[in-house]
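User: Can you walk me through this one? Keep it simple, please.
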Amino acid sequence: MLSIIISFLVSFFICLFIIRYAHILGHRLLDPTERGPQKFHENPTPRTGGLAILGGIIASALVFLIQKKDFALDFLIILLCSLPAFLAGFAEDLTKKVSARTRLLLCSISAILIFLFANVHILRVDIPFLDDIVKLIPFSFILSTVAIVGLSNAINIIDGFNGLASGVSIIILVGLAYVAFKVNDTFILFSCIVLIATIFGFFIWNYPRGFIFLGDGGAYLLGVLIGTFSVLLVKRNEQISAWFPMLLLIYPVWETLFSIYRKKFLKRMSPLQPDGLHFHMLVYKRIVKWAVGPKDAKYITRRNSATSVYLWGLTFISFIPAVLFWKKTQILQICVFLWIFMYVLIYRKIVKFKFFNIKGNSKKNL
């Protein structure tokens, strides 16, 4: 309980300090409002909420060490290995000059360090003919690294609106914590709970008014940690299906894969280049505009925060069967493919102006 309270308070007060003194600390802390494909806020806002997330996690790690928890060292090692990913994003938050390739490289370094020093290996995917291959170290290394790097970028991709990435992360962590409790895995349980408390300390300031943003540093850090604990939970507990975290994480994971496909093969552009056609952006532009109000300045914050509610609902659609059937591989596999089908169907309907009979401008205005 002490670690939960301290991690929440540290995160909460770091956010408060940044919000209160951002104008004094310098313009580099503020995210400008110039229009771009991924700008949906009304006022210049600090995007260094990742510092609060890191501070809360460090505080909880120190409490674990002081309390001499048997998993304290493992938790600290994972945190230290995650720092390159955080620093890559945080440098971008401050300078706006760190290339996507450089950030991807540093996230990869974090994933490699976690594989080497935290013993975080994917050893099964619960597909019979693939499991024997995955157990081989080179293939396990590649799959584990790709999974953690991919999720770090996935959380960053969905970090577009007040409360979206942090809210989705909380939902995912609740699912991981619940199953960890069911199998009596105290390490993953405690780790997820302190992460939830830390995120909540930030969430209060981020939603609904958006006084501070998570930033790339916070998104990368959360992605690396959530990916790590997801892999560890399956590795440490054979009764848990490898498809449980896949279904639980399907929204950010599929958003990333679909984005790569859409940019690379449909738009003939680099997957690393930002655009305005992510699912959450279409929900904002098409559905929320219809439900909340026109794109006037007084509606921007309201529309921004309302968008996240739709995506939390999308996450809950996968969360519920995941926590109900965490042992049942075949059911989880079916749910994954049904969720993907639902996503693609809704995405297509929004683009074609068929969702809620919405009518609007031509596609070029997306």
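Analyst: Helices here are DSSP runs of H or I, at least four residues, numbered from the N terminus. The model is predicted: local features need pLDDT of at least 70, side-chain atom pairs need 80 or more, and totals for chains, interfaces and linings use all residues. Residues count from 1 along each chain as its sequence is written, and side-chain values use heavy atoms, without hydrogens and water.

User: What comes just after α7?
Analyst: Asn 184, with a positive phi of about 65°.

User: New topic. How many aromatic pairs are there?
Analyst: The count is 31. Rings of Phe, Tyr and Trp (its six-membered ring) pair if their centres lie within 6.5 Å; planes under 30 degrees apart are stacked, over 60 edge-to-face, the rest tilted. Phe 203 and Tyr 207 are stacked, 5.5 Å centre to centre with 20° between planes. Tyr 343 and Tyr 347 are stacked too, at 6.1 Å and 20°.

User: Where do Tyr 343 and Tyr 347 sit in helix α14?
Analyst: They are four residues apart, so about one helical turn separates them. Both are buried. They also belong to one aromatic cluster, with members including Trp 254, Phe 258 and Trp 339.

Conventions: Helices (H or I, at least four residues) and strands (E, at least two) are DSSP runs, numbered from the N terminus. Buried means under 20% relative accessible area, exposed over 50%, partly exposed in between (1.4 Å probe, protein chains only).
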